[in-house]
Amino acid sequence: MKATLRARLTRLPPVRWFLAIEDGVFRLAGEAEYRLGITPRTTKIVPGPFDRLVMRVVLLFVPVLLGTLVITTGATRTRALLAIIGVAVLLFTAMWVIEGLRAERDTTRRPPTPRPFAQPQPPRRPPARRP
């Protein structure tokens with residue numbers, strides 16, 4: 001029985017906690033949309049792969065950015081913030097490119113689904129009048 005790397009990684013408690021936090025953020029977004037009157041209660045937000053990637057980057061970078069507030073010297077804090085912003089820009093750029101390549105690959109592999117032709121309907125007769 002072979003376990004994939006993804007299955008092995010998701011068994012680790014920190015990864016499970018991170019995924020639970022991510023799912024909680026999407027649940028919270030669904031509740032906020034309901035409370036604002038945007039969607040009905042039964043609407044469930046189903047995040048796509050890109051939504052999940054962006055959420056992971058946000059969940060990873062926000063604590064790091066808050067951690068830079070601990071740095072007391074101004075020059076070191078500025079360098080740390082610039083480095084974090086540079087890494088974030090590179091990650092977002094990589095995500096855009098990966099998503100574009102994935103979308104292009106998915107559209108070239110699958111042929112478009114054929115649309116069913118509309119069957120001609122016989123003309124309807126008005127109901128007969130009864131005297």
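**How α2 packs against α3**

A: In this predicted model, helices α2 and α3 are roughly perpendicular to each other, because the angle at which they pack is about 110°, and angles of 65 to 115 degrees are counted as roughly perpendicular. Two packed helices are described by the angle between their axes together with the distance between those axes. For this pair the axes are 11 Å apart, with α2 covering residues 13-35 and α3 covering residues 49-67. The crossing in which α2 passes α3 is right-handed.

The contact itself can be followed residue by residue. On the α2 side, F18, L19, I21, E22, D23, V25 and F26 take part, and on the α3 side they meet D51, R52, M55, R56, L59 and L60.

The loop between α2 and α3 holds T39. With a relative accessible area of 18%, T39 counts as buried, because the cut-off for that term is under 20%. Leaving aside residues up to four places away in sequence, T39 touches E33 and Y34, and both of these fall within the range of residues 13-35 that makes up α2.

To place this part in the whole, the chain has four helices and zero strands, and its elements run α-α-α-α from the N terminus on. Of the 131 residues in the chain, 11% are buried, and T39 is one of the buried residues. The accessible surface of the chain comes to about 11,800 Å², with carbon and sulfur atoms accounting for 66% of that area. Among contacts between residues at least 6 apart in sequence, 56% join residues that are at least 24 apart.

Key. Residues numbered from 1 in each chain as written. Predicted model: local features only at pLDDT ≥ 70, side-chain atom pairs only at ≥ 80, totals over all residues. Heavy atoms only, no water. Axes fitted to C-alpha atoms, helices over the stretch in contact; angles between N-to-C directions. Helix = DSSP H or I, 4+ residues; strand = E, 2+ residues; numbered from the N terminus. Parallel < 35°, antiparallel > 145°, perpendicular 65-115°, else oblique. Left-handed = near helix turned anticlockwise from the far one by under 90°. Contact = heavy atoms within 4.5 Å. Buried < 20%, exposed > 50% of the residue type's maximum accessible area, 1.4 Å probe, protein only. Areas by Shrake-Rupley, 256 points an atom, 1.4 Å probe, with all protein chains shown as cover.
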